[in-house]
Amino acid sequence: MYSVVKAEQLADRVHELVVEAPHVARHAKAGQFLIVRVDPDGERIPLTISRAEGDLVRVIFMTIGATTYRLAELRAGDSILDVAGPLGRPSGIPQNATCVVVGGGVGIASCPIIARTLRGAGNRVIGIIGARNADLMILEDEMRQACDELHVTTDDGSMGRHGYAADVLKEVIEAEPVDQVWVIGPAIMMKVTSAVTRPKGIRTWVSLNPIMVDGTGMCGSCRVVVNGETKFACVDGPEFDAHQVDFDRLMQRQRIYPEEEREALERHHASHCGCEPGARHG
Amino acid sequence: MPLIAGVSRGRDMAERASTVRVHDFGEVDLGLSPDQAQAEADRCLQCKKPACVTGCPVGVDIPAFVLAIAEGRFGEARTGILEANLLPAVCGRVCPQETQCEGACVLSGKDRAINIGALERFAADLGGLEGEAPVARAPATGRRVAVVGSGPAGLTAAAELARRGHAVTLYESLHEPGGVLLYGIPEFRLPKAVVREEIERVLALGVELRTNMLVGQSLPVEELLAYDAVFIATGAGLPSFMGIPGEEVNGVYSANEFLTRVNLMHADRFPDSGTPVKRGSRVVVTGGGNVAMDAARVARRLGARVSLVYRRREEDLPARREEVRHAREEGVEFMTCAAPVRILGEPCVTGVECVQMEMCALDESGRPAPRECEGSSFVIDADTVIQAIGTSPNPLLVRLLPGAETGRKGNLVVDEDGRTSIPRVYAGGDIATGAATVILAMGAGKRAAAAIDADLRSGIAP
Ligand SMILES: Cc1cc2nc3c(=O)[nH]c(=O)nc-3n(C[C@H](O)[C@H](O)[C@H](O)COP(=O)(O)OP(=O)(O)OC[C@H]3O[C@@H](n4cnc5c(N)ncnc54)[C@H](O)[C@@H]3O)c2cc1C
Ligand SMILES: Cc1cc2nc3c(=O)[nH]c(=O)nc-3n(C[C@H](O)[C@H](O)[C@H](O)COP(=O)(O)OP(=O)(O)OC[C@H]3O[C@@H](n4cnc5c(N)ncnc54)[C@H](O)[C@@H]3O)c2cc1C
Ligand code: SF4
Ligand code: SF4
Ligand code: FES
């Protein structure tokens, strides 16, 4: 059992949990993830390690299905049955380079740890964080501290610049020479945004989020197509060269269980009170 | 009840009717009644030099426990088996006895071999752990040993080391111990309650279990090597895919994924359990080994029509005859001399294109080599495809071990006592042999534990 020491809602449908998991926290590196299983009948779901300090790890997630809604109900003092990790390969960190870290939506959760690690290795780090609107923006302060320069955008202009992260990225790579770029967010956002760096041939990393089961290379559920080859995202990734990733296949494989996910979510909500899902009680 | 020709076994266990069992995950074999067990045990010749024992990789004293059953001393039979084997209820069910103990029994030629597996299971199944005498432990040695992987090899090594007084930590990356016993072999062949009970026995020896620990990451290699000795038993869990077009479309599973979703995550109970699986109405399983049979039989239980496609002839199927028979009784359709060449459909599977194979001159395995018949392609409609064409050793930890000698399959190279090329690091089970059997993994765990103990005591290892 792993204790939840902090549970907070950060934005609309976006929640933060800080969990005591020394085996994960002590060895976690930027770019890695963990797998949680909330209770005995629970699914194993992967979440990025958003921060690790001492014996504590932080994850930030969006409520989209039964398991993430269940996670959102947890409060400080509750516990999670299983936390496995750190899983996946850490981000490859260059030295003395200029790097851009782009986060979209809940994908921003993964960014500060990468930005801090890059900066710690002597790189200049430019951050770009984008969300649909101001209510969905997270970790702005943390990113501002982690980066040499930060750009904030919203699709509707309710905060920061009006526009998409891809537009800002285009300007940034025009304004100065950039060596490497990280783009993390929903698959479609990563596809569109990483296309921006292709003409200039800038090394660009994306963190792929296919459906996983074990997270240790044993099942092949997480297979993705990179440069025409099949890779297991949990052990060969989750970060891959964006310009070689088959994003359409990734998005296709994320939709293996639409009916089952709906059924599980309906059941989850039916077994709860009529309040807004994930809402605070008392 | 006649068994298939060519396999001679003793008195047979009752089986649940195929028409009934195909609707649930309850155990297929029902075990022997006390009368049956005693009658079967009575047939044993109590050989002075028992051939059967040479066929058992963990050296169970077979004549002694069989005699105890014959004389009605069932509890003693169990205690006797436990001296050599802490997982008898597992082994009695899944050992390939026909090529191990029973294959070596002197009666196997003329008469029928003693049904040693069924007798072992009988003795093991009697009563729970309560009342069982605890296994004796040697005084503490103060030595710390890490065992990585909690499948049969790791469990056996952990138990043997703990018995000898060493402080053992057993690391497992999944949330529950057992390895393939838990996530691979289905409930209807090996009930998980049976596995859990036997693992309790191992842990009761004082073995410290640490789940959710992917060694190499949750425990860095430097910390692993800080133990006085290390036993690596990470298995052969890496699934192979055929490499044919269409494998990435939705509805294509490795057998490992399909079986893990059902056995470990209980997808058969979805949505009561949180993990879904495509139940499929028309499932194609590719492969012909035990894993293929398990996948096909699980798919049948989830309600699908199931075809098993195998590229050689029926008589070449590598699966145990009994498993083939069970699968056939349960309505799995066998399409032999056929090979899949393409998976059809986008974004979801709609079918599998196959070609007919003809059998040619014998290949190095002594079986006829299959060759594609020109223009023989045909399509099987399918909404789910399960590939059961093999697995290879888990590369993750092996890759991180400095100076580890590896073989062609990515396996760790070991000597007969399980020593790797790295001092104080031992390995055994599927990680060393490639995919093999439960009892070979247990034998390897037992031999390595003896070597670790001897090396620690003689000072070869610090
Ligand atoms: C390496 C990795 C890191 C991730 N990090 C984060 C993170 O930091 N924050 C965050 O909010 N989400 C993250 N995800 C996605 C997160 O795992 C899914 O949102 C979660 O599994 C959904 O579970 P659910 O039961 O709530 O929803 P479900 O009902 O299971 O699914 C809803 C949607 O989520 C996708 N999904 C379902 N199961 C999985 C799964 N096991 N893995 C990935 N996607 C799935 C499906 O495409 C589906 O469209 C990450 C995924 C991966 C692979
Ligand atoms: C579907 C199926 C059916 C089978 N049926 C039979 C049968 O009827 N009879 C028979 O004799 N054999 C059968 N086998 C084969 C048998 O199960 C294996 O040979 C045996 O389990 C091998 O044991 P092992 O201990 O070497 O490895 P495994 O059982 O594979 O256990 C390895 C364990 O190590 C863990 N692990 C891996 N890497 C790490 C790491 N880095 N850190 C921590 N933990 C790690 C894994 O999660 C796993 O739990 C079957 C296999 C399958 C897949
Ligand atoms: S452990 Fe397996 S091989 Fe040994 S006697 Fe028992 S059934 Fe036979
Ligand atoms: S070889 Fe057969 S008959 Fe002889 S002791 Fe062993 S089980 Fe009995
Ligand atoms: S999640 Fe099973 S292999 Fe990656």
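**Strands, domains and a helix pair**

Phe33(A) stands opposite Thr48(A) in β4(A), a strand being a DSSP run of E with at least two residues and a helix one of H or I with at least four, numbered from the N terminus. The model is predicted, so local features need pLDDT of at least 70 and side-chain atom pairs pLDDT 80 or more, while totals for chains, interfaces and linings use all residues. Residues are numbered from 1 along each chain as written, chains are lettered from A and ligands numbered from 1 in written order, and side-chain values use heavy atoms, without hydrogens and water.

Strand β3 (residues 33–37) of chain A is joined to the antiparallel β4(A) by four bridges, where pairing requires that DSSP find at least two bridges between two strands. In chain A, an open antiparallel sheet of three strands runs in the order β4-β3-β8, with β4 (45–48) and β8 (82–87) as its edge strands, each pairing on one side only.

Chain A is divided into domain 1 (2–87) and domain 2 (91–203), bounds that come from an automatic or database domain assignment. Between them, these two domains of chain A bury about 1,200 Å², 63% of it on carbon and sulfur atoms; buried area is the accessible area (1.4 Å probe) that two parts lose on being put together, summed over both. Ala30(A), Arg51(A) and Ile60(A) supply 36% of the area that domain 1 of chain A buries against domain 2 of chain A, more than any other three residues.

In chain B, Phe74(B), Ala77(B), Arg78(B) and Ile81(B) of α5(B) meet Glu120(B), Phe122(B), Ala123(B) and Ala124(B) of α8(B), contact meaning heavy atoms within 4.5 Å.
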